[in-house]
Amino acid sequence: MGGSCAQRRLAGRRQVLFAFLLPLFCPALCEPVRYAIPEELAKGSVVGNLARDLGLSVQDVSARKLRVSAEKPHFNIDLESGNLLVKDRIDREQICRERRICELQLEAVVENPLNIFHVIVVVEDINDHAPQFDKKDIRLEIFESVSIGARISLDPATDPDISTNSVKDYQINPNPYFSLLVRVNSDGGKYPELSLEKSLDREKQRSHHLILTASDGGDPPRSATASIEIFVRDTNDNHPVFSKDEYRISLSENLPPGTSVFRVSATDQDEGINAEISYYFRSTTQSTRHMFSVDEKTGVVTNNQSLDFEDVARYIMEVEAKDGGGLSTPCKVIIEILDENDNSPEIIITSLSDHILENSLPGMVVALFKTRDRDSGENGEVLCSIGRDIPFKIHSSSTNYYKLVTDGILDREQTPEYNITITATDKGKPPLSYSTSVTLHITDVNDNAPVFHQASYVVHVPENNPPGASITHVSASDLDMGTNGQVSYSIVASDLEPRALSSYVSVSAQSGVVYAQRAFDHEQLRAFELTLQARDQGSPALSANASLRVLVDDCNDNAPRVLYPALGPDGSALFDTVPRAAQPGYLVTKVVAVDADSGHNAWLSYHVLQASEPGLFSLGLRTGEVRTARVLGDRDASRQRLLVAVRDGGQPPLSATATLLLVFADSLQEALPDLSDHPAPSDPQAELQFYLVVALALISVLFLLAVILSIALHLRRNSSPTTWSCFQPGFCSKSGPVVPPNYSEGTLPYSYNLCIAQTGKTEFNLLNCSEPLHSKQDIVCDDSSGDLFPLPGGDDLTSRPKTLTPQAPPNTDWRFSQAQRPGTSGSQNGDETGTWPNNQFDTEMLQAMILASASEAADGSSTLGGGAGTMGLSARYGPQFTLQHVPDYRQNVYIPGSNATLTNAAGKRDGKAPAGGNGNKKKSGKKEKK
């Protein structure tokens, strides 16, 4: 059936090595494998043993995936035997049409390694078609004047078969007038012609009936018949004559339908109707008749449909010119179709691996494809290309076959997939191209280690943190995907003891959150460092490390500790001696303290809480140095006590106290008596509580006395003077001189002294101050400052009018204007002559403030606010309300049983009424004890 190059070579040498290498070199060294089969072969028929002809064993057929590729799947491979089998009906006339040699091109493909073998199957014709006439009934007309030997051309029969299976012979039934001649053309075509053997006589026989039989050369032969009816007409003895016996023209395949292609022309020397020529197609296939038409009168040939060089490259037809007398003359017309670049190339993917590992080496075959262009010549030559900057290239393996191979390193993390566009371009003018896209997916391998977002982490954790709390979060990312990109965290190293590490911190393997397992103490552990590892789940697994430094921040959880002065062995405070001649700025001692905290929490400051003499010593705020602030005075005690507080800078601050015992002495022997005479200092807190209890008791007694005095005054107004005779000075006696307390201290601007002496008689002495008193002056009783007068029993005080100061009416200088009047709003409505707030609530508030201010004067400090000389009233009645607005209520103070009143001595001496703004506004710097 056909020979192959493989068979010829295997016949000579059967060595194993050559048999293995032969499939690799056969496409380049030998001709294609050829087979010949008849058409209409049954499905499943064996064409040939393709595996044996290619040098392959039966095991290689399935192992190397032997298969055939063609435009139409007419054949397939039997994987068990390696035979090439018929898969579909093979009709030579349908496949090859009018081509005399019908060949089918196949490609045999094997893998491991990939090779392609060209196979040609020649389809041989069989006599499967009978001849066929275009017309079953043929009508002919002939003039009787036709001479013997004249020929009448008949339409030939057509047979799709070729060679011996086509039309071989024509026959007619026997008759005396006509004989049949067969004319053979240059292309081998046979055309029947009737030859006149005997002169015609229309009067004897008007028509002749003949049977034309066409038979082919097949075995058995096939035949067809046509009926010929010949009518004898009048004489027409001239035939039409064409200008050419054969016409050849060339047409472009892009010629639009309906275009006049060419014109045939014939002439006839007869006249009249016998010279009228008509044009017809004859001996032309049906496909040609559908493609072209000829105008019966003019002979113009027109294309009816679009031409396509790829379908039919040449058309052959015969045009017959027939005159009115029935004579005809044929001519041959050959139309060549010129190829135009009107077909784009095609790309056919025959094999594709769309998933590629990213560690694939360069040169790996990814896809196999071929190109096809139906045009011919340069219009059918195709070049393939792909885009730039991609790790792939095209390699031409054989004619019109290409391989797509890798040409670089693949990295899924940078490019997870490639969309490759393959472009096929022909060499026509203008060139046409076709593109197809191939998507290649890159499969991941574990080639990327996890990467921490930071190379090192630093976290600040305050001490005394709650155990189990999160202190920080570390994170790492892996560019791989799936399990190769899943990251777990762990602690691989630390500067802590391995056994103690788990009790300090832990890390979540999934989230990377670092937890504190215990409360940290800054004073014990200030910082420690961990090495964290992020590890993926790939095989083999990859990892990365990062350092984590944990800084334990300090909190103010330690109070200062006093190092000096230290307590003695018995728990008592030690003492320091100070020279009596120490000058201001003399360094007496230094308080030394430390704080276990750090930073601002350990920044210490020193403060004096209590001092025997507040202005005698100064204390350095930051140094803790105790220095003398002034020279030791005669009235200063030789033994001084300082209570020093040491505070840190934390929030809230913590503190400690230290007690300093300072003795002014020039030698130790001089200081010892002072130390032995004085008892041990008491607790400052106990002393403070004692002072508070005493102050509270004094305030209560003063309040009770004020209430009793108020009730007594009220009863005195409502009763007779004799009722109060028991309060006269004559009924009271004292055993000694009595000096009342000094009322010059405080915030009131007026002061007075009352001295009472008991020497057998009662005297009342009013002291007039010779000059205005200042805040730091002590008021001392002087005999010359006032008049001393006896108080005889039963005598009226008015017997000494010169020495007694009569009770003056209330002073009007302190009356308030409307804007200055005290009250809740500062502008009470009322009489301009009012002397006291007209609101009961405001009156009670003002009295309470005056009483509180008097208590402040006793303490030597003001807590009511408003500044000196305001008694806190400016905070209640506005900044314009100061002590200068307060009336001299001492005008209303009188001695029971006497008409005398207490006034400002200096004011009386000057003859002026006391004014609220002329008194002392500062408190006395020193208090007098009763």
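This is a predicted model: local features need pLDDT of at least 70, side-chain atom pairs count only at pLDDT 80 or more; totals for chains, interfaces and linings use all residues.
Good morning. A residue is called buried when its relative accessible area is under 20%, and exposed when that area is over 50%.

Let me turn to a second sheet pairing. Strands of a sheet pair through backbone hydrogen bonds, in either the parallel or the antiparallel sense. An open sheet of 3 strands, in the order 9-12-11, shows antiparallel pairing. Strand 9, residues 151-153, and strand 11, residues 178-184, stand at the edges; each has a single partner strand, so one side of each is left without a neighbour in the sheet. On average, neighbouring strands of this sheet are turned by 35 degrees against each other, direction ignored. Strand 11 pairs with strand 12, residues 190-196, in the antiparallel sense over 7 bridges.

I now come to the cysteines. How many disulfides does the structure hold? It holds 1 disulfide, and this joins Cys-96 to Cys-102 with an S to S distance of 1.7 Å. The link of Cys-96 and Cys-102 is right-handed, with 65 degrees about the S-S bond. Both Cys-96 and Cys-102 are buried. Two further cysteines deserve mention. Cys-331 counts as buried because its relative accessibility is 2%. Cys-384 has a relative accessible area of 18% and is therefore buried as well, given that the cut-off is under 20%.

Finally, I would direct your attention to helix 9, residues 684-718, in which Phe-703 lies. Is Phe-703 buried or exposed? Phe-703 is exposed, because its relative accessible area is 52%, and the cut-off for that term is over 50%. Phe-703 is one of the residues of a nonpolar patch on the surface, which also includes Val-701, Leu-702, Leu-704, Leu-705, Val-707, Ile-708, Ile-711 and Leu-715. Together, the residues of this patch have about 870 Å² of accessible area.

Thank you for your attention.

Definitions and conventions. Residues are numbered from 1 along each chain as its sequence is written. Side-chain values use heavy atoms; hydrogens and water are left out. Patches are made of residues with over 30% relative accessible area and no salt bridge: like charges are joined within 9 Å, nonpolar side chains (Val, Leu, Ile, Met, Phe, Trp, Tyr) within 5 Å. Accessible areas come from the Shrake-Rupley method with a 1.4 Å probe; for residues, only the protein chains shown count as cover. A salt bridge is a side-chain nitrogen of Lys or Arg within 4 Å of a carboxyl oxygen of Asp or Glu. Helices (H or I, at least four residues) and strands (E, at least two) are DSSP runs, numbered from the N terminus. Buried means under 20% relative accessible area, exposed over 50%, partly exposed in between (1.4 Å probe, protein chains only). Two strands pair if DSSP finds at least two bridges between them. Axes are lines fitted to C-alpha atoms, for helices over the stretch in contact, and angles run from 0 to 180 degrees between N-to-C directions. A disulfide is a pair of cysteine sulfur atoms within 2.5 Å.
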